[in-house]
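Work through the exercises below with the sequence and the 3D structure at hand. Try each task before reading its solution.

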Amino acid sequence: APASPPARHLFSDPAEIEALRGNLLAWYDRCKRDLPWRSLAATEPDADRRGYAVWVSEIMLQQTQVATVIDYYNRWMQKWPTLQALAQASLEEVNELWAGLGYYSRGKRLQEAARKVVLELAGRMPRTAEDLQKLLPGVGRYTAGAIASISYGQATGVVDGNVIRVLCRLRCIGADSSSPAVIDRLWDMANVLVDSSRPGDFNQALMELGATVCVPKAPLCRECPVKQHCQAWRRKLFGKPCPVPDVEDCGVGDCPLCPPATEPWDSSLGVTNFPRKAAKKPPRAMRTATCVLERRGCHGAPEYLIVQRPSSGLLAGLWEFPSLPLAQDLQEEKEREELADHLQAWIRQPVAAKGLQFIGEVIHIFSHIHQTYVVYSLHLDGDVTLDPALSPFRWVTEDEFHASAVSTAMKKV
Ligand code: SF4
């Protein structure tokens with residue numbers, strides 16, 4: 001059985017917990033950012049609408065910066081102000097609004113879950129973190145805790161990337177912060193710390209602290225409202241985590257929460273010694289040939305062919321220029337030939353590889369893929385009949401292209 005962590009990694013003193021809550025909430029009341037979902041959650045009298053508003057914001061904020069989300073959130077809530085409205089939307093409309101926000105399966109699952117609430121739960125949002133997680137597809141432990149605490153006042157903690165960083169620093173947790181053992185401890189800690197009279201504000205305050213003060217690279221410790229509770233800060237100031245005994249007392253190599261003995265505290269890093277993560281796998285490199293096929297539309301304006309991606313997998317259901325994944329290290333000539341064959345299947349007329357004009361390369365980083373698009377263009381003269389048996393396609397003007405459900409990568413192309 002793993003050794004249980006020494007008390008210095010935990011919060012066990014009720015007076016300290018109380019003081020930390022008070023300091024954090026007072027700071028939050030003074031300094032919190034004014035965000036549309038916060039105003040909605042604070043003023044909306046209807047509990048289901050409140051839950052829906054927080055839910056949408058939490059799904060959009062996964063992996064995405066607040067500044068990017070605000071505009072998408074406002075447009076979403078204007079278009080679908082209620083669960084019932086969202087349940088009636090088509091996936092195409094959802095993808096169109098989501099275009100550019102990335103991680104497209106989030107929008108799709110949000111819409112599927114809204115349908116489920118309307119059809120199977122009589123339009124009533126589950127009210128506890130446990131039920132939210134159990135009943136709503138795409139709602140994990142963090143999102144469930146956030147909705148339940150912010151919308152329904154349930155005294156339950158949350159752990160996201162910001163909270164992980166803050167807690168690991170507050171308690172000098174230097175073991176791999178993505179390991180299940182550490183994550184479990186952090187959830188325990190978040191549940192102990194959460195303020196039962198203002199759980200939603202407390203959770204948002206802890207996340208806000210991580211987003212604006214206890215930031216990854218250059219945390220603003222001198223301005224931090226909880227620095228007197230922070231062991232990483234004490235350790236930086238005094239060279240050891242006083243007043244509790246120093247790190248050796250954990251039993252280096254045995255303590256499940258201390259940094260590994262092979263990578264001890266590095267004084268040049270200060271508080272950014274924490275958190276620590278196992279090295280990430282490098283993203284997979286992929287090359288894709290893509291062709292901007294252009295024709296003269298009936299009003300003389302150029303039109304471009306876009307085709308729909310399959311309904312599952314990366315960028316599911318989004319539209320793109322006809323594209324073909326390539327083997328690595330393929331000669332340029334071979335790339336052209338393969339692309340020409342691919343296009344020929346679409347337009348049912350011979351395409352000469354030499355007729356494809358090379359435009360350039362576009363690099364786009366997905367979370368786990370380093371994608372290079374090799375971009376070609378081809379102008380088509382006369383009537384072109386496309387094979388309706390192939391996946392859905394359409395000809396669009398430039399404006400229509402930008403209003404379609406296309407990814408940021410395709411906009412770059
Ligand atoms: Fe983070 Fe510094 Fe505050 Fe500690 S004192 S919680 S390291 S900002």
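**Exercise 1.** Find which helices each supply at least two residues of the lining of the largest pocket, and describe that lining by class.

*Solution.* The model is predicted.
Step 1: The helices that each supply at least two lining residues are H2, H3 (47-61), H9 (141-152), H10 and H12 (199-212).
Step 2: The space in this pocket is about 1700 Å³. Its lining has 49 residues, and those closest to the centre are Leu61, Gln63, Asp160, Gly161 and Asn162.
Step 3: Sorted by class, the lining of the largest pocket holds 20 nonpolar, 16 polar and 13 charged residues.

**Exercise 2.** State how many cavities of 30 Å³ or more there are, and describe the lining of the largest cavity.

*Solution.* Rolling a probe the size of a water molecule over the atoms shows where empty space is left.
Step 1: The count is 2 cavities of 30 Å³ or more, and the largest cavity has about 110 Å³ of space.
Step 2: Fifteen residues line the largest cavity, with Arg169, Cys214, Cys221, Cys224 and Cys230 nearest its centre.
Step 3: Helix H10 (residues 161-170) gives the most to this lining, namely 3 residues.
Step 4: By class, the lining of the largest cavity has 13 nonpolar and 2 charged residues, and no polar ones.

**Exercise 3.** Locate the ligand and list the residues around it.

*Solution.*
Step 1: The largest cavity is where the ligand sits.
Step 2: Around the ligand are Arg169, Leu170, Cys214, Cys221, Cys224, Lys227, Cys230, Trp233 and Val271.
Step 3: This shell around the ligand comprises 7 nonpolar and 2 charged residues, with no polar residue.

**Exercise 4.** Classify the ring pair formed by Trp37 and Tyr73.

*Solution.* A pair of aromatic rings is described by the distance of the centres and the angle of the planes.
Step 1: The whole structure contains 7 aromatic pairs.
Step 2: For Trp37 and Tyr73, the ring centres are 5.1 Å apart and the planes stand at 75°, so this pair is edge-to-face. The cut-off used here is that planes over 60 degrees apart count as edge-to-face.
Step 3: The pair links distant parts of the chain, 36 residues apart: Trp37 belongs to helix H2 (residues 36-43) and Tyr73 to helix H4 (residues 66-79).

**Exercise 5.** Describe the span that UniProt gives as "domain: HhH-GPD".

*Solution.*
Step 1: The UniProt record, an unreviewed entry, places this feature at residues 60-212.
Step 2: In the model, residues 60-212 are 67% helix and 0% strand, and the end C-alpha atoms of the span lie 19 Å apart.

Methods
Residues are numbered from 1 along each chain as its sequence is written. This is a predicted model: local features need pLDDT of at least 70, side-chain atom pairs count only at pLDDT 80 or more; totals for chains, interfaces and linings use all residues. Side-chain values use heavy atoms; hydrogens and water are left out. On a 1 Å grid over the protein atoms alone, a cavity is a set of points where a 1.4 Å probe fits but cannot get out, and a pocket is an open set with protein on both sides within 12 Å along at least five of seven lines; lining residues have an atom within 4 Å of a point. Grid points are joined across faces, edges and corners, and a volume is the space filled by probe spheres set on the points. Helices (H or I, at least four residues) and strands (E, at least two) are DSSP runs, numbered from the N terminus. Ala, Val, Leu, Ile, Met, Phe, Trp, Tyr, Cys and Pro count as nonpolar, Asp, Glu, Lys and Arg as charged, and the others, Gly among them, as polar. UniProt positions are given in the numbering used here, feature names are shortened, and annotations may be inferred rather than shown by experiment. A residue is near a molecule or strand if one of its heavy atoms lies within 4 Å of it. A molecule sits in a cavity or pocket if more than half of its atoms lie within 2 Å of its grid points. Rings of Phe, Tyr and Trp (its six-membered ring) pair if their centres lie within 6.5 Å; planes under 30 degrees apart count as stacked, over 60 as edge-to-face and the rest as tilted.
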